[in-house]
Amino acid sequence: MSAAAVTGGAIVTPGGLVRSDLLIAGGTIAGLRPSPSGRRGDDDASTVDATGCYVLPGGVDPHTHLMAAPAAATAAAARGGTTTALSFTSPRPGERDLDALLRGRAELTGVRLAVDVG
């Protein structure tokens with residue numbers, strides 16, 4: 001299980017800004033630890049120095065058309081801060097919506113996706 005930290009930033013929470021370090025373990029937020037204002041990140045490769053930055057949760061894009069190139073589209077989404085993309089189905093002539101949805105899900109099997117796709 002890999003561990004990482006985003007240090008020195010202002011974390012945006014539902015309750016407002018929190019000056020803290022964000023701890024990550026196994027790709028999941030593991031917790032927060034107090035961070036003095038202006039703290040610089042460690043030189044460790046698993047630490048990201050966010051001094052002077054806001055730390056935000058990943059975005060959800062509820063309107064995407066990514067099925068033509070899902071690997072490339074999700075990689076681009078991840079670089080822009082999107083962590084979940086909801087893709088529209090494109091029924092073929094005479095195809096029911098549910099069948100298009102199931103076909104789309106099957107087409108994603110084995111594709112390396114950079115974000116969660118629904």
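Q: Is aspartate 21 buried or exposed?

A: Aspartate 21 counts as buried, because its relative accessibility is 0%. Buried means under 20% relative accessible area, exposed over 50%, partly exposed in between (1.4 Å probe, protein chains only).

Q: Which residue forms a salt bridge with aspartate 21?

A: Arginine 33 does, and the closest N and O atoms are 2.9 Å apart. The pair ties together parts twelve residues apart in sequence, because arginine 33 lies in strand 4 (residues 28-34) and aspartate 21 in strand 3 (residues 16-25). Arginine 33 counts as partly exposed, at 28% relative accessibility. A salt bridge here is a side-chain nitrogen of Lys or Arg within 4 Å of a carboxyl oxygen of Asp or Glu. Helices (H or I, at least four residues) and strands (E, at least two) are DSSP runs, numbered from the N terminus.

Q: What sort of model is this, and what are the ground rules?

A: This is a predicted model: local features need pLDDT of at least 70, side-chain atom pairs count only at pLDDT 80 or more, and totals for chains, interfaces and linings use all residues. Residues are numbered from 1 along each chain as its sequence is written, and side-chain values use heavy atoms, with hydrogens and water left out.

Q: How many salt bridges in the whole structure?

A: Five. One of them joins arginine 96 to aspartate 99, with the closest N and O atoms 3.0 Å apart. Arginine 96 counts as exposed at 53% relative accessibility, while aspartate 99 is partly exposed at 32%.

Q: Switching to helix 1. Which of its residues are buried?

A: Pro70, Thr74 and Ala77 are the buried residues of helix 1 (residues 70-79). They sit on the same side of helix 1, because they cover an arc of only 55 degrees around the axis. That arc is taken from the directions from the helix axis to the C-beta atoms.

Q: What covers them?

A: The cover includes strand 8 (82-87), helix 2 (97-108) and strand 9 (116-117).

Q: And what follows helix 1?

A: Glycine 81 follows, with a positive phi near 95 degrees.

Q: Last one. What's the overall pattern along the sequence?

A: The chain has two helices and nine strands. Their order is β-β-β-β-β-β-β-α-β-α-β.

Conventions:
Contact = heavy atoms within 4.5 Å.
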